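Hello,

Here is the structure I promised to pass on. Please open it alongside these notes.

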Amino acid sequence: MNRIDPKLAATLRRPDELVARGLAPASALADLQEVAARYAIAVTPEIAALIEPDDPADPIARQFIPSAEELVVQAGENPDPIGDDAHSPVTGIVHRYPDRVLFKLVHVCAVYCRFCFRREMVGPGKPNALSEEAYRTALEYIRGHSEIWEVILTGGDPLMLSPRRLAEIMADLAAIDHVRIIRIHTRVPVADPERVSPEMVAALRVNGATTWIAVHANHPREFAPAARAACTRLADAGLPLVSQSVLLRGVNDDAATLEALMRAFVELRIKPYYLHHGDLAPGTAHLRTTLEQGQALMRALRGRVSGLCQPEYVLDIPGGHGKAPVGPNYLSQADSPQHDRLPQTQYRVVDYCGEVHVYPPPSGS
Ligand code: SF4
């Protein structure tokens, strides 16, 4: 299984390299070395090029350049914040919902996001990939559970595998009759777009199952020309694309940025899918918003862009209880008008401008 191409030497992986490149202050070096001892660092040349070093609040830097704030672990934060372990019947598989499983093939990524909910499980020092035996056992588990309709390849980043290995895995999964959908979650199109080569794109298409790609991006500036070209290669190959973003304080927690991000997705034929509330991963409190802020942003987004550009705002319930939509509610029940003789339930519905309107109950109620 360990056929991951070594990444470009130019990827920055150590605090001293970040300091030397002007991406972190020398005064922070000792703290950042402490962070690096705990959590992986990787900043690809493409991502480094997006960072404005003179801007201390740069939204790209906030996602990838480590910070001493990561050393602060708050109450409630958890190394397994969404409860993968509680639903893992065999190594590499998370079976939380009946009809789908996560299949975690690799524990490495092109970049390491400072807010990552699997930050305790990804990066060098963790097992690189499943052993061949563990891979076969996981495949056997999927084969033995006919209710599994969808297999979600995640990790780590599955596109860190070589096209050849990925093609083998796709074929193994597609050969299982009940597996109809293979969904791949990846940050590679923006973090290391050249990896999305014609060979990689070909590997993602397989007879016997439909492939969906979930592209992870959090700020519109991540879509530099090379990233746009990578997404275009995927879309041109007929692969349906959806988005995945995390709501992050100081990165995309304003309506204009979210609007630009969602428009960028749609322009690239990526349907906005999930906007995740930040998970309770250790040392990430400085990057989380409140749920109320998230709801206000979703309300603002509703007023600014079409339904095509609306993601679903979701919270992964700590403990492994799955996702819940946590966006604003536009419908409520109103008290019956005083002059009504019979009790009736009316509805109040809020429009995109925030105006409240009454909607009548069904006749006879
Ligand atoms: S690419 Fe995904 S799995 Fe990897 S560090 Fe970022 S959020 Fe975590």
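Start with Arg 187, which lies in the loop between β4 (181–186) and α7 (188–191). Note that this is a predicted model. Arg 187 is buried, and its relative accessible area is 6%. Buried here stands for under 20%.

Next, α9. This helix covers residues 225–236, 12 residues in total. From first C-alpha to last it reaches 16 Å, close to the 16 Å expected at 1.5 Å a residue. Its buried residues are Ala 227, Ala 230, Cys 231, Leu 234 and Ala 235. They sit on the same side of α9, because they cover an arc of only 135° around the axis. On the other side, Pro 225 and Asp 236 are exposed. What do the buried residues of α9 pack against? The partners are α7, α8 (198–204), β5 (210–216), β6 (241–246) and β7. Just after α9 comes Gly 238, with a positive phi of about 85°.

Then look at α11, residues 291–304. This helix has 14 residues. Its reach from first C-alpha to last is 20 Å, close to the 20 Å expected at 1.5 Å a residue. Gly 294, Leu 297, Met 298 and Leu 301 are its buried residues. Viewed down the axis of α11, they fall within an arc of 100°, so they line one face of the helix. That buried set packs against α10 (255–267), β7 (270–276) and β8 (312–316).

Last, a helix pair: α5 (residues 132–143) and α6 (residues 163–174). They pack at an angle of about 30°, and their axes are 11 Å apart. Angles under 35 degrees count as roughly parallel, which means α5 is roughly parallel to α6. The crossing of α5 and α6 is right-handed. On the α5 side, the contact is made by Glu 132, Tyr 135, Arg 136, Leu 139 and Ile 142. On the α6 side, Arg 165, Glu 168, Ile 169, Asp 172 and Leu 173 take part.

Best wishes

Note on methods. Residues are numbered from 1 along each chain as its sequence is written. This is a predicted model: local features need pLDDT of at least 70, side-chain atom pairs count only at pLDDT 80 or more; totals for chains, interfaces and linings use all residues. Side-chain values use heavy atoms; hydrogens and water are left out. Helices (H or I, at least four residues) and strands (E, at least two) are DSSP runs, numbered from the N terminus. The expected span of a helix is 1.5 Å times one less than its number of residues. Buried means under 20% relative accessible area, exposed over 50%, partly exposed in between (1.4 Å probe, protein chains only). The arc is that of the directions from the helix axis to the C-beta atoms. Contact means heavy atoms within 4.5 Å. Axes are lines fitted to C-alpha atoms, for helices over the stretch in contact, and angles run from 0 to 180 degrees between N-to-C directions. Angles under 35 degrees count as roughly parallel, over 145 as roughly antiparallel, 65 to 115 as roughly perpendicular and the rest as oblique. A crossing is left-handed if the near helix is turned anticlockwise from the far one by less than a right angle, and right-handed if clockwise.
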